[in-house]
Amino acid sequence: MRKELDYYKIDDFEGGNQNWFNDYWMKIGGCGAITACDTCIFFDRKFNQNILCPINPSFITKDDFINFGMHMKPYLSPRITGIDKLDTFISEFQVYLDEKGENKFKMVPFHGDNDVEAAKEVIKKQIDNDLLIPYLNLKHQDKSLEDYEWHWFVLAGYEEKSDAFFVKAMSYGKSVWFDFENLWNTGNKKKGGMVLYTL
């Protein structure tokens, strides 16, 4: 079984890309702010509104996305340690949402020390309910995930097979399917996790 969310595009790219930024800090550490932008675009499109985005969520250019990212930067500021806790993302993003008067959804953390089977069920529930999932991956034992270490991105789909469970990760202007058990079991003590939206 496969389920994918309707995700925005910019030209031939699947979502935005932090490598488009000329701003040094956004380019190397803006993933938290970009994930918040992705959320705003998603919900404005979902509710057919233009409340969370200072841009048209139905037609986005690279310049629009960069400007939006810079607009979000003060709320989820890139920093030396990164936004390395779910609660930090939630509290800082909530400031932005409060300023916009958005109260259609709330955020709760789902920490990376939860059981992988419980995490799969949560992912299926969120995606089945048409809700994307901000995901924080910290240090990982699998070196093939280097570009996704200490990184925020969103999950916008899953595929459940008899012998494996895959998730669709959106980042760097593209989608990548990851074996979820491998992604979740980082092999490190300090865990990331997911932010769950509830309507």
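This is a predicted model: local features need pLDDT of at least 70, side-chain atom pairs count only at pLDDT 80 or more; totals for chains, interfaces and linings use all residues.

Residues are numbered from 1 along each chain as its sequence is written, and side-chain values use heavy atoms, with hydrogens and water left out.

Searching the whole structure gives 25 aromatic pairs. Rings of Phe, Tyr and Trp (for Trp, its six-membered ring) pair if their centres lie within 6.5 Å; planes under 30 degrees apart count as stacked, over 60 as edge-to-face and the rest as tilted. Phe89 and Trp152 are stacked, because their ring centres are 4.5 Å apart and their planes stand at 25 degrees. This pair links distant parts of the chain, with Phe89 in helix α4 (residues 86–100) and Trp152 in strand β6 (residues 151–160), 63 residues apart. Helices (H or I, at least four residues) and strands (E, at least two) are DSSP runs, numbered from the N terminus. Phe89 and Trp152 are both buried; buried means under 20% relative accessible area, exposed over 50%, and partly exposed in between, with a 1.4 Å probe and protein chains only.

The rings of Phe165 and Phe180 have centres 6.0 Å apart and planes at 80 degrees, so this pair is edge-to-face. Phe165 lies in strand β7 (residues 165–171) and Phe180 in helix α6 (residues 180–184), 15 residues apart. Both residues are buried. They also belong to one aromatic cluster, formed by Phe110, Tyr135, Tyr148, Phe153, Tyr158, Phe165, Tyr172, Phe178, Phe180 and Trp184.

Phe47 has lysines over its ring. The charged end of Lys46 sits over the ring of Phe47, 6.0 Å from its centre, and Lys104 lies over the face of Phe47 at 5.4 Å from the ring centre. A charge sits over a ring if NZ of Lys or CZ of Arg is within 6 Å of the ring centre and within 35 degrees of the ring normal.

Empty space comes next. Rolling a probe the size of a water molecule over the atoms shows where empty space is left. On a 1 Å grid over the protein atoms alone, a cavity is a set of points where a 1.4 Å probe fits but cannot get out, and a pocket is an open set with protein on both sides within 12 Å along at least five of seven lines; lining residues have an atom within 4 Å of a point. Grid points are joined across faces, edges and corners, and a volume is the space filled by probe spheres set on the points.

The largest pocket has a volume of about 250 Å³. Its lining has 17 residues, of which Ile28, Gly29, Cys31, Gly82 and Trp150 lie nearest the centre. Two or more lining residues come from each of α1 (24–29), α2 (31–46) and β6, and α1 gives the largest share, three residues.

There are two cavities of 30 Å³ or more. The largest cavity has a volume of about 90 Å³ and is lined by 17 residues, with Gly16, Ile34, Asp38, Ser171 and Tyr172 nearest its centre. Here α2 gives the most to the lining, with four residues. The second largest cavity, of about 40 Å³, is lined by residues including Tyr135 and Trp184. Strand β5 (residues 133–137) supplies the largest share of that lining, three residues.

In helix α3 (residues 62–72), Phe65, Phe68, Gly69 and Met72 are buried. They are on the same side of α3, because they cover an arc of only 100 degrees around the axis; the arc is that of the directions from the helix axis to the C-beta atoms. The face turned away from this buried side carries the exposed residues Asp63 and Asn67.

Asn48 is found in the loop between α2 and α3 and counts as exposed, at 72% relative accessibility. Asp11 has a positive phi near 55 degrees, lies in the loop between β2 (9–10) and β3 (13–14), and is exposed at 59% relative accessibility. Most residues other than glycine have a negative phi.
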